[in-house]
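This report concerns a single structure, shown below.

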Amino acid sequence: AARKINVRHRYNGKRKQSVKSDDVCLNFPRIIELEGDHMALVYSRHRQGAEPSYSVVISNDFGKTWVDAPPNHPMTDNVNNAGIMGYLRDGTIAYIDWSPLNIKWSPADGPYHWSALAKVEAPIFRFRRFSKKEELMEDSTSKVLNLPGKVAASYELYGTLIELENGDLLTALEAVVGTPPPDQHLRCTTFIVRSTDGGKTFKHVWTFSPEMDGKLVGDEGFDEPDLVVLANGDILCMMRTGSRSPMYQSRSTDGGYTWSKPISI
């Protein structure tokens, strides 16, 4: 039986009614827009002392009600709540996995220890495309090429895949690199990659160094990036730098080839 937790709150000097919850934490939601009134929601379920699992629920009424996705639903085993997702101009939905295929690691190694075990020089990711009718149309791989320095790193992917007017695909990847300072547990970098072949390969375009003015940016360097194309054609990259430090942003005005120095927001 799930352990129950009683929580009492005070509000304006009065006790509120007890709130009961089990020890399962539901978080990190990802909403996927499908055809018509259909939507899918992917989220993680964390229970103390156990590995996280992922659930998919679907809605056929614009999100008013949700039901568990059937076992044969194409997204139940193909989409995580992390990773990179993009809505392409041909009406399909592209998705790149959170971590590379060519690594060997276990989450049981601890929340940060796995990054020391998951290092690869040339990451290969699983790449999938879905129709908005919830059909799996492609299940292939995507390689990241010409990374600078051939440095082994561990990779985590979050954020958005964008399609530019010329058909190129652009996204931002995160890597844990090098050794962090003694008082910090991560040293992360964000880099921009571009695909001209529909996602089969991505080539390195730009790297945001973890350090500025000789010091690690924030608590972790640049991680968990996201991209958006603005109405004026600029591309904005927003990056996290840790749980207790500011977010930073950088801007490209030439289609993602060059980027401004990141500034704190």
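The sections below describe ring contacts and then cysteines.

## Basis of the model

The model is predicted, so local features need pLDDT of at least 70 and side-chain atom pairs pLDDT 80 or more, whereas totals for chains, interfaces and linings use all residues. Residues are numbered from 1 along each chain as its sequence is written, and side-chain values use heavy atoms, with hydrogens and water left out.

## Aromatic contacts

The structure holds 5 aromatic pairs (rings of Phe, Tyr and Trp, the last by its six-membered ring, with centres within 6.5 Å; planes under 30 degrees apart are stacked, over 60 edge-to-face and the rest tilted). In one of them, the ring centres of Phe208 and Phe222 are 6.4 Å apart with planes at 70 degrees, so the pair is edge-to-face. Phe208 lies in strand S17 and Phe222 in the loop between strand S19 (215–216) and strand S20 (223–229), so this contact ties together parts 14 residues apart in sequence (strands are DSSP runs of E, at least two residues, numbered from the N terminus).

Phe222 also pairs edge-to-face with Tyr248, with centres 5.6 Å apart and planes at 70 degrees. Both Phe222 and Tyr248 are buried (under 20% relative accessible area; exposed is over 50% and partly exposed in between, with a 1.4 Å probe and protein chains only). Ring pairs link Phe208, Phe222, Tyr248 and Trp259 into a cluster.

## Cysteines

The structure holds 0 disulfides (pairs of cysteine sulfur atoms within 2.5 Å). Cys25 is partly exposed, at 37% relative accessible area, while Cys188 is buried at 0%.

Conventions
Helices (H or I, at least four residues) and strands (E, at least two) are DSSP runs, numbered from the N terminus.
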